[in-house]
Amino acid sequence: TRGEQGLPYGTRLAAMAHLLAAECAHALQDRSARDEHARQALERTQSRRRDELEIREGVQLRVARWAFDDRDVQAALQRLDELPQGVARRTLALRLRLKVTRLAGQSRLALETARLLGKHRAFSESASRSIVRGLVTEWLRTSHDPAQLHKAWTQLDESERRMPEVALQAGERMLALGGDFALVQQWLLPVWEQLVRPGSVLPQELRLRLVLVLERGFHQTPGQPDGVWLARIEAAQMGNPREALLQYLAGVACMHLSLWGKAQQLLRQSLTQLADEALRRRAWAALARLAEQREDGAAALEAWRQAARG
C-alpha cells in the first residue's frame, strides 16, 4: 500500500502483482486464492485512467478464460458479457467466446462469433469456412420442428446456404421432421447443379447423400414426383449414361411414375457400377418390389436374396 501511494505507477504495479499471483494460483488449481487475487487486481484498477483500464480489461479477460478452463460456461459467458464493447470485439475475446459458446452447445451464438472472426480474418479462409460449416450444420441438426428449421435456414447467409453440407443437412433434417419436400428441393438445387456440372468435384459422399435425400423425399411425398425435378434427373442421366448414381435415382423416379419397365432397366444398369453396398441393397430391394408388382415370384425371390447379401 505504501508503494502504491509513493510511486506514480504503484497502483498498476500492485494490480499486476495480484494478476501474476492469480495466474500462479490458477496453475496450482487453487481457485479461492486465484479469485481473491483477481478481485484485488480489479479493485486497484477502478479509475478511468487509460493505463489502469487496460490492466482491468486484461484481468477481466483472464477471469473469463479461467472460468472456461474450469468448464464453467455460464460464468465464462457472464464475464465475457461484462467486457467493454471494444474489448469484447477484439480477436482474443472473440476466440474465447467461440470456444465458450461451442462448449455450451450454443451453436447459433457460436456461429455469430465465428462470422465476426471471419470478418477480422482471424482464421484462414478455408479454416473459417470449415468452422462456419460445422456450426451451421450443428445448429440445423438441433431444430425440433419444420418451422424452427425454416427460420434457421432464413437466418443463414447466402454463402452458407450454398454449402453442400449445409443444404444436405437442412434437407435431411426437414424430411426427418416430416416437413415440405418441395422446400427441400429448393434448398438442394445448388447441390444438384454442382453434381451435374461438367468436371464436377463434388465428393462422392455428398453425391450419395443427395441421391438418398431425394429418394427419401419421393417416398414420403404422396403422388408423383415434381415434374421439373424429374426432367432434371432424366436430362442428367441421359447426359451421363454411365453414372450409376444417376441411373439409380432415375430408376427410383420412374418407379414413382409407374414406368415399371424403364425403372427396371435403369436399376439393373446401375447395379453394374454402384460401389456403395447399402445403395446396392436398395437397388435390389426396388427390383424385388418391381418383380412382385408384375407377379414374378422367382425374380422377386432372387432379388430379395441379392438384397440380403448386399
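The buried residues of α10 pack against α9 (125-141), α11 (158-161), α12 (164-176) and α13 (181-196), where contact means heavy atoms within 4.5 Å and buried means under 20% relative accessible area, with exposed over 50% and partly exposed in between (1.4 Å probe, protein chains only). This is a predicted model, in which local features need pLDDT of at least 70 and side-chain atom pairs count only at pLDDT 80 or more, while totals for chains, interfaces and linings use all residues. Residues are numbered from 1 along each chain as its sequence is written, and side-chain values use heavy atoms, with hydrogens and water left out. Helices are DSSP runs (H or I, at least four residues), numbered from the N terminus.

**Helix α10**

- Within α10, which spans residues 146-154, the buried residues are L149, A152 and W153.
- Seen down the axis of α10, these buried residues fall within an arc of 100 degrees, and they therefore line one face of the helix; the arc is that of the directions from the helix axis to the C-beta atoms.
- The exposed residues A147 and K151 are carried on the face of α10 that is turned away from its buried side.

**Salt bridges**

- The structure holds 21 salt bridges, each defined as a side-chain nitrogen of Lys or Arg within 4 Å of a carboxyl oxygen of Asp or Glu.
- D69 and R65 form a salt bridge whose closest N and O atoms are 3.1 Å apart, and, being four residues apart in helix α4 (residues 50-69), the two are separated by about one helical turn.
- R115 and D157 meet through their side chains in a salt bridge (3.7 Å, N to O), a pair that links distant parts of the chain, with R115 in helix α8 (residues 107-119) and D157 in the loop between α10 and α11, 42 residues apart.
- E215 forms a salt bridge with R282, the closest N and O atoms being 3.2 Å apart; because E215 lies in helix α14 (residues 204-220) and R282 in helix α18 (residues 277-293), the pair ties together parts that are 67 residues apart in sequence.
- In this pair E215 counts as buried at 3% relative accessibility, whereas R282 is partly exposed, with a relative accessible area of 36%.
- Salt bridges that share partners also join R31, R34, D35 and D70 into one network.
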